[in-house]
Every structure is written in C-alpha cells, then in structure tokens.
Amino acid sequence: MFLLASPTTSHSIPTKTLIQDLSLSFSLSPHYSSLRPKSLDFKKKMKQLSTKVTSNGHGQDSSYFLGWEEYEKNPYDEIKNPNGMIQMGLAENQLCFDLIESWLAKNPDAASLKRNGQSIFRELALFQDYHGMPEFKKAMAEFMEEIRGNRVTFDPKKIVLAAGSTSANETLMFCLAEPGDAFLLPTPYYPGFDRDLKWRTGAEIVPIHCSSSNGFQITESALQQAYQQAQKLDLKVKGVLVTNPSNPLGTALTRRELNLLVDFITSKNIHLISDEIYSGTMFGFEQFISVMDVLKDKKLENTDVSKRVHVVYSLSKDLGLPGFRVGAIYSNDEMIVSAATKMSSFGLVSSQTQYLLSALLSDKKFTSQYLEENQKRLKSRQKRLVSGLESAGITCLRSNAGLFCWVDMRHLLDTNTFEAELDLWKKIVYNVKLNISPGSSCHCTEPGWFRVCFANMSEDTLDLALKRLKTFVESTDCGRMISRSSHERLKSLRKKTVSNWVFRVSWSDRVPDER
Amino acid sequence: MGSLKKNGGAILSRIATNDHHGENSEYFDGWKSYDKDPFHHSRNPCGIIQMGLAENQLCLELIEGWIKDNPKASICTPEGVGQFGDIAIFQDYHGLKEFRQAIAHFMGKARGGRVTFDPERIVMSGGATGANETIMFCLADPGDVFLVPSPYYAAFDRDLRWRTGVEIIPVHCYSSNSFKLTVEAVEWAYKKAQESNKKVKGLILTNPSNPLGTMLDKDTLKNLVRFVTRKNIHLVVDEIYAGTVFAGENFVSVAEVVNNVDSYEVNVDLIHIVYSLSKDMGLPGFRVGIIYSYNDLVVSCARKMSSFGLVSSQTQLMLASMLSDDRFVEIFLTENSRRLKIRHEDYTSGLKKAGITCLTSNAGLFVWMDLRHLLRDRNSFESEIELWHIIIDKVKLNVSPGSSFHCTEPGWFRACFANMDDDTLHAALRRIQAFVSKNHKIVENSSDSDQIVQSNNVKKQKWKQSNLRLSFRRLYEDGLSSPGIMSPRSPLLRT
C-alpha cells in the first residue's frame with residue numbers, strides 16, 4: 001500500500017545514491033543510521049514499528065534539510081561567530097516584526113487577554129471548539145480578501161483552521177486521496193511536500209515538468225504528459241496542487257496558467273489545490289491573481305468545478321509568524337469542510353494565538369499599512385539580492401513574490417549534471433559558508449538552479465553573504481571567465497528584460513521568454 | 001465504511017466520507033439538547049446542566065493570577081515583547097528547550113517526584129488527541145490491532161483509528177471486580193485476536209482511567225509491563241489525568257514501573273507515555289499534547305510527525321516559564337487535588353442521598369455512576385438509552401451513558417463534576433434529589449441518613465430503588481422521544 005520508492009524523481013541520480021554520496025561528506029547523525037549496515041538487533045527494532053518509521057517518507061534525508069543541519073552546527077552571528085554559516089535556506093519573513101510589536105504596544109487589551117477591559121483568560125483556556133473562534137475566522141477571511149484586492153470574497157464558514165499549512169495540506173490529502181492515489185505538482189516544488197502530502201497519507205506525487213526555456217511556466221503539454229505518466233504508473237490522479245506564488249520560483253502564476261489549470265481539472269474531473277501561502281508577499285507591479293479570481297472571471301462560482309478548487313493559506317510567510325502555527329483550508333465543498341474540520345482536532349490553533357491574531361487582523365488600519373510596508377521592504381530586499389548576485393555574474397529568474405530568488409548557477413557547474421550541482425552545493429555550504437537550497441531538492445529537472453532566501457536576515461548579513469559569494473565565484477576558473485564576460489552578458493540580459501517587460505505589458509496573454 | 005460520496009463527479013476519500021470520526025452517533029443527542037438549552041444561573045436557570053464535559057475549571061484563577069504576576073512570560077506585554085520576533089519565527093519541531101525542560105519537570109512533580117523525565121524524549125503534539133494519533137502512526141500499520149480496556153474514552157475510536165487505519169479490540173472489564181483491568185483479561189483478548197489472524201501491535205490504556213476515575217495498582221502495572229515484553233508488543237499509557245489524583249494511594253506512573261522492574265523483564269523500547277495539560281491544568285484551549293517514549297526511533301519519528309501539530313511557540317514560552325516556577329507548581333498541584341477532592345465528596349455524598357452509588361474512585365474529573373437499578377431492563381442497552389433521555393429531558397442533566405464508552409454492562413453513566421461552579425453542582429444535585437423523591441413520594445430526611453444503622457439504610461435504599469424503577473417505568477411507558485437537533489459544536493473534543 002505504501003510506495004517506499006518515490007516514482008517522482010525523473011533526473012539522473014536516484015535519491016538513494018544522492019544520500020549515500022552526501023553521507024561520505026558529512027558526519028552521520030543518528031538519523032542516518034539507516035545507511036549503515038543493519039545489525040540484527042536494529043532490524044528487529046525496526047520490525048516492531050510501523051512502516052512510516054522505517055521508510056524515508058519524512059523526506060528528511062534530502063539535501064534541503066541536510067543543509068539546515070550543517071547550519072545548526074555552525075550558525076553565523078555578527079559578533080559571536082562572524083565566520084559561521086549564513087542561513088539562506090530558510091524562507092522566513094523577518095522584515096516587519098517592528099510593525100507588529102508597535103501594534104502590540106498600542107493594543108494592551110489583546111496583549112493581556114482582555115476584551116473590553118474584562119479578562120477572558122478562562123474562556124480562552126477552555127476554548128477547544130474545532131470550528132475555531134468565529135471572530136478569528138472572520139478576520140482571516142477579510143485579510144485574505146484584502147490581499148486579493150477585495151475582488152473576491154471568502155466565507156468564514158468555509159474556512160477550516162489547521163496547525164500551519166503543513167497540517168492543512170496533509171489534511172486535504174486525507175480528504176481527497178486514497179493511499180496510492182496521485183496528485184500532479186509542477187516542478188520545482190517545495191521539498192516539504194514530499195512529507196506533507198505523501199508520508200502518512202500514502203498519496204503519491206507525479207511531477208509536471210517545467211523548464212527554464214519558458215521561465216518554468218506550466219504548459220498544457222506538460223500537464224497532459226504528467227497525467228499520462230501517472231496512468232502509465234497505474235496511479236489514479238485525484239488532482240493538481242500548485243503553490244501560487246511559487247516556492248521556490250518566487251513568481252506568481254500568470255492568468256494564462258491559472259486558466260489552463262482550471263480548464264484541465266474541469267476536463268479531467270479532478271481537484272485543484274492552490275497553496276497561496278505567499279499571496280501577501282507579492283511585491284512586483286503586477287497584482288496577485290488567485291485561483292478564486294479566475295473562478296469568478298470564468299463565471300464558475302457555485303458550480304461543481306468551484307467545489308473542486310481549494311485554497312490553502314497560512315500566516316507563516318505573509319505575517320512572518322511560523323511559530324504560531326496558523327494554517328487554513330478554504331473549500332467550497334461542504335463535505336470537505338466538514339471532514340477537514342473534524343480532522344483539525346489533530347492540530348487545532350492555540351486559543352491564545354487565535355485571540356491575539358483576531359484582534360490584530362481585525363484592525364484594518366493595521367492590515368493595510370502592514371501589507372503595503374511588507375511589500376515595499378520585500379521588494380527592496382529582493383533588489384538588493386538580485387543586484388548583488390549580478391555583480392558576481394549570477395542571474396536569477398525574474399521574480400515578483402516570495403521570500404527567495406531562483407538563482408541560475410548553471411554556468412558554475414563543471415558538467416551539466418546533478419552530481420556537479422551537488423559538488424557546487426557542497427562548496428557553497430562548506431567553503432563559502434552559505435546554506436542555500438539546491439534545485440534537485442526541489443525536484444527541478446535541470447541541474448544548476450538554487451533557491452536563495454533574502455528575508456530572514458539583516459541587510460548587513462545579506463551584504464556579507466553576497467560578498468562571500470562574489471569572492472568565491474571570482475576565485476574559480478569559471479568565475480574568472482565570467483567576470484570578464486559578465487559585463488557583456490548582463491548588458492544583453494538587461495536589454496532582453498526591458499524588451500520582455502514591454503512585451504508583457506502590450507501582450508498580457510502571451511507567454512514571454514522569461515519571467 | 002460509508003459509500004464513496006461524489007463531489008460533482010470527483011470522488012472524495014473514504015476517510016472523508018465514512019463515519020469513523022464517530023460524530024454521527026446518537027450519543028450526541030445530549031450535547032445537542034444542551035446546546036439548545038444551556039443552563040445559566042440567571043439567564044436560564046431551568047436549562048440543561050452540562051455534566052458530560054471532562055474539563056477542570058477549578059484552578060483557573062491560580063493560573064490567571066500567575067500570568068498577571070509574570071508579564072514577561074507573554075510575548076505581547078511591554079515586558080515580554082522583546083522576545084516577540086524570536087518566538088514568532090520559532091518553528092523547530094524539537095520545541096523550545098526551556099519548554100521541554102519545564103514539561104519534563106512538571107511531569108515529574110505531578111508524579112510526586114517519584115520519577116524524572118528526560119527533556120530529550122519530550123515530543124510535542126496537537127493535544128493528547130494529536131499525540132494518540134501520532135503514536136499509532138509510529139507503532140502500527142493499517143489493519144494492525146491495538147487492545148484497549150473497556151470502558152474507554154469515546155474519542156479513541158476516532159483518534160486511534162480514523163486516519164491511521166488501525167483497529168481497536170476492547171479488553172472487557174466488569175463491575176463484578178470493580179472494572180479492574182487484569183492481565184488475564186488482556187491475555188485472553190490477545191489470544192482471541194491472534195486466533196482471528198489479527199496482528200496485535202500493542203495495548204493502549206488511560207491511567208487514571210476515563211471514564212472510571214480509578215488507577216491501576218503497581219502490581220498490575222508491573223505485570224502488564226512484563227506481559228507486553230514477553231509478547232513483544234507495545235504499551236501506550238495515556239496519563240492525561242495523572243495530576244488529578246485527589247485521594248488514596250499515590251499515582252503510579254508506568255515510568256516508575258520501568259525504573260522498578262528488573263531490566264530483563266522490561267523492554268523499554270515498547271513503553272510510551274501520552275500526556276497533556278488539558279486536564280491537570282485545565283488548559284485544553286492551548287493544545288499542549290506530549291508523547292514521551294523510551295524508544296529512540298519512536299521519539300525521532302514522532303518528532304518529525306509533530307510538524308503536523310506543533311504547540312504554538314507563544315504558548316510554549318508562557319508554559320516554559322510557568323511550569324519551571326517550582327513554587328507555583330507546588331501550590332497548584334496541591335490546591336488542584338484539594339479542590340477536586342472536595343468537589344468529588346460533595347457530589348458523591350449528594351448522590352448517595354438520592355440512593356445513587358458510584359464506583360469508588362480517587363482521580364479524574366468525573367464519577368462512574370451506577371444507575372442499573374433504574375433501568376427498565378437491566379440487560380438492555382435500549383433501556384440505558386431510554387433512561388438517558390429521561391435524565392436529559394426530565395432531570396435536565398447531560399451525563400454520558402456507559403455504552404458510549406463501550407461498557408459491556410448497561411446502566412453505568414459518567415457524570416463530570418469539575419466543569420462547573422459549586423452552585424451549579426448543587427443545583428444539579430438538587431434536581432437529582434428532587435426528581436428521585438418526587439417520583440416515589442418519599443421525602444428523605446437528609447440529616448437522618450448519617451445516623452441510620454447500616455442494615456436499615458440498605459433496606460431503605462433497596463425500597464427506594466424499586467420504587468424508582470416503577471416510577472421510571474411509567475415514564476418509559478409515557479414514551480419519550482429524543483430531541484435530535486443538530487449541534488454546531490463537536491462534543492468529542494470535550495469528552
């Protein structure tokens with residue numbers, strides 16, 4: 001019933017080899033004892049437990065998490081450890097805490113668990129209703145509407161709270177898929193999906209291959225190919241799951257792509273999950289287009305199709321509050337809302353957190369100021385990263401959202417292989433002391449792409465990271481060649497980018513060369 | 001399993017459409033009635049009193065007082081806001097070190113300091129609900145079996161089985177020996193399961209017991225540990241009520257037994273504890289569940305799974321501070337036991353006056369009432385349900401019928417006593433007493449009951465009981481229909 005070997009990897013190196021290779025370079029932690037020859041006693045111990053313990057379904061042997069482990073051993077600190085590793089593999093938003101802190105200072109009631117001057121501690125201590133606090137869900141619904149320019153409405157009764165989007169995504173899988181059923185996901189995708197969607201549910205992921213040739217956009221043929229691949233593997237496709245804006249690309253789906261997706265799920269009679277966790281991080285000049293916008297524009301509201309479209313949201317990225325574990329499922333299907341609500345018992349949001357955030361998000365003056373300032377700061381930070389990379393001769397996929405850039409380091413690879421990508425990654429982790437995420441951990445089909453985060457550190461730290469990277473690039477043979485020709489390359493790139501911008505503005509439905 | 005429901009053609013999963021969540025059961029009629037007509041001293045004094053809710057509301061003002069006195073424990077107050085950023089981003093599934101240390105410390109204190117817990121083995125979960133489900137995911141595959149002594153907490157059917165696919169087989173306990181769990185009964189259930197070709201992965205039990213309010217004695221617990229070791233199956237002990245022991249012997253945690261049996265008799269890799277702050281501290285809203293396992297692989301796996309239900313970092317910080325305040329913890333635990341004891345005595349003596357006895361208990365937030373003498377037919381669960389509807393509609397109390405806990409004998413009911421104030425408890429008792437006396441026209445002089453010689457008292461009880469049964473029969477014959485109104489809230493969370 002549970003497939004231990006994932007059929008999703010399509011690139012040259014099977015995952016096991018990757019892990020073994022990594023194990024040669026890193027000292028093994030107890031997690032990786034599965035790689036050592038198994039003693040009889042150990043095998044006996046494993047047999048006592050479920051297959052979930054013994055499989056790698058948690059996905060933590062991935063380089064995505066291994067990089068984090070290395071960071072933990074030697075974390076950068078401006079004063080205490082200035083030569084330590086800088087964490088650039090963590091998609092966190094640390095840019096706007098001051099705004100929340102000053103709100104707290106001005107709102108003592110919320111801070112001290114009071115409502116209209118009366119203590120509500122008792123009420124909060126006892127509140128465990130899985131429907132969630134009505135005022136909190138109302139505030140969440142309105143915040144989600146505000147992020148979408150109030151073009152669409154969200155009904156608080158259709159919101160199901162969950163312990164982060166990690167839990168929300170897993171719960172949706174439990175509701176929509178049987179063990180062995182498949183969901184199609186565009187690559188590259190968030191590495192945590194391997195755990196969240198598959199591990200305990202038994203569901204499978206089949207990739208929709210996206211390539212750099214068109215800026216990793218989803219195409220009709222890629223969708224059809226993925227669907228057929230699933231059928232070849234004898235997997236029943238239950239739906240498509242996208243992250244919009246995308247992690248790790250940092251780009252919002254275009255209207256064309258969204259229309260394509262909605263048409264596709266309509267024709268195949270399957271579900272569409274749109275994880276819009278980064279919807280409030282859109283900083284480009286374009287507006288964020290939600291799948292809900294598209295349903296409205298296509299006049300599909302209150303139809304069967306709309307019942308198969310579900311949105312996942314969280315406050316972990318937009319508000320930078322991953323510690324508070326606030327996730328949500330939004331569905332037009334009553335049965336899903338009902339089942340997911342019951343399942344939320346396994347991961348409810350702490351009542352004191354619900355209360356604090358309902359007060360915060362109900363303050364419309366705060367939310368509009370916050371969203372605007374958040375976007376401003378993200379944009380400026382992204383620009384800083386992009387120009388810093390450019391000066392090292394490195395380009396990125398043009399992004400307009402998210403807390404990271406999708407960086408093109410193909411020119412720094414010895415060979416166009418994932419082995420070379422891994423080699424480069426090890427150098428960057430160990431020599432340059434930057435933890436960035438290699439594209440293979442995101443299931444990218446082309447070697448050489450890396451996700452680099454920019455919103456989880458101070459400006460000074462970012463500058464230092466860029467300095468280190470530039471030094472590294474210039475020290476390699478490749479780098480020396482590049483710095484000579486980078487000027488030329490970047491000149492032509494800028495020309496291209498400008499013309500693309502002009503292109504897009506005049507032909508909004510066409511596919512530009514780059515995003 | 002229910003039929004696969006279609007959604008505009010696209011089928012939902014079996015899990016989403018079956019009723020293994022257990023909420024379609026008729027047992028929630030009581031909740032529905034309560035929600036429609038909830039008691040309130042001034043606003044609705046004739047409403048239904050909620051006695052089906054195992055909540056501990058007796059010591060909340062102590063916690064509230066501590067929070068007021070310790071503003072630095074909150075990330076929202078001026079004193080504590082300096083920690084806001086660090087706490088807001090903290091999502092490490094190991095949990096805050098101070099939190100794990102404080103929880104381990106508190107768990108030790110709640111067990112009288114007779115055992116210590118290693119903070120490195122503390123794993124978070126979304127309440128005990130999340131903990132129980134997660135431990136099942138770690139120990140069993142779909143189709144595997146866990147044995148559970150009955151009567152047991154109703155929501156185990158959901159928590160242990162729904163999404164995991166694990167099967168539960170009850171180990172029946174009987175009133176003839178005060179519902180005590182025996183190793184023989186477990187052996188028998190184990191053997192029967194094996195004979196039907198079922199793969200038993202372990203035994204899970206709540207100690208102190210919900211709904212019984214009783215504790216396992218040390219010898220039985222030792223023998224259970226030896227049994228599971230011999231059979232190489234797991235033992236999960238849900239100790240969620242460990243801190244609610246208010247009388248009698250000290251609570252013996254399985255942790256204590258692990259330390260006290262010979263090492264060849266216990267394979268610690270098989271021993272796991274589930275804990276929570278929802279009952280001992282009365283904080284179900286904060287969703288603090290804990291898995292504590294002696295098995296390294298289980299700790300590691302459960303920790304990864306805790307991503308699906310981490311404790312809010314805001315809550316972790318507050319509790320880390322509160323639970324490491326030794327002075328507060330000592331006062332709290334002592335006061336908690338004291339108030340529970342008083343409440344328990346108050347309630348059981350009031351019931352006695354109405355001729356109702358309970359299983360002798362010294363823990364938990366409820367009593368296990370013996371209402372068998374009031375059943376129309378002592379062998380019928382239909383009678384139990386009929387009686388239950390009378391209690392809801394006529395006496396206007398929501399109590400929980402034994403069949404909802406999979407009890408094999410009709411006539412037992414669980415009534416909670418810690419989720420209300422004194423006045424409400426007395427109102428409930430008055431209603432019971434009034435109802436009982438009205439229905440057989442005997443006015444009991446409560447001051448006499450203490451002085452009456454025991455044999456006379458017993459005779460009176462029996463006569464009272466037979467008269468009660470007659471009067472109940474009349475009520476049965478009058479025909480009562482159940483309210484059957486849908487409740488918007490889930491009762492399962494509160495049991």
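Reply: Let's start with a term: a salt bridge here is a side-chain nitrogen of Lys or Arg within 4 Å of a carboxyl oxygen of Asp or Glu. Across the interface of chain B and chain A, that rule finds two salt bridges. One of them joins the side chains of A:K45 and B:D269, at 3.5 Å from N to O. Bear in mind that this is a predicted model, where local features need pLDDT of at least 70, side-chain atom pairs count only at pLDDT 80 or more, and totals for chains, interfaces and linings use all residues. Residues are numbered from 1 along each chain as its sequence is written, and side-chain values use heavy atoms, with hydrogens and water left out.

Staying with the two chains, 83 residues of chain B and 75 residues of chain A take part in the contact (heavy atoms within 4.5 Å). Chain B and chain A bury about 7100 Å² between them, 60% of it from carbon and sulfur atoms; buried area is the accessible area (1.4 Å probe) that two parts lose on being put together, summed over both. There are also 26 residue pairs in polar contact across this interface, both residues at pLDDT 80 or more. A polar contact is a pair of N or O atoms within 3.5 Å; within protein, one must be able to donate a hydrogen and the other to accept it, and residues adjacent in sequence count only if both atoms are side-chain atoms.

About 1500 Å² is buried between domain 1 and domain 2 of chain B, with 57% on carbon and sulfur atoms. Between these two domains of chain B the salt-bridge count is zero, while eight residue pairs are in polar contact, both at pLDDT 80 or more.

Definitions and conventions: Chains are lettered from A and ligands numbered from 1 in the order in which they are written.
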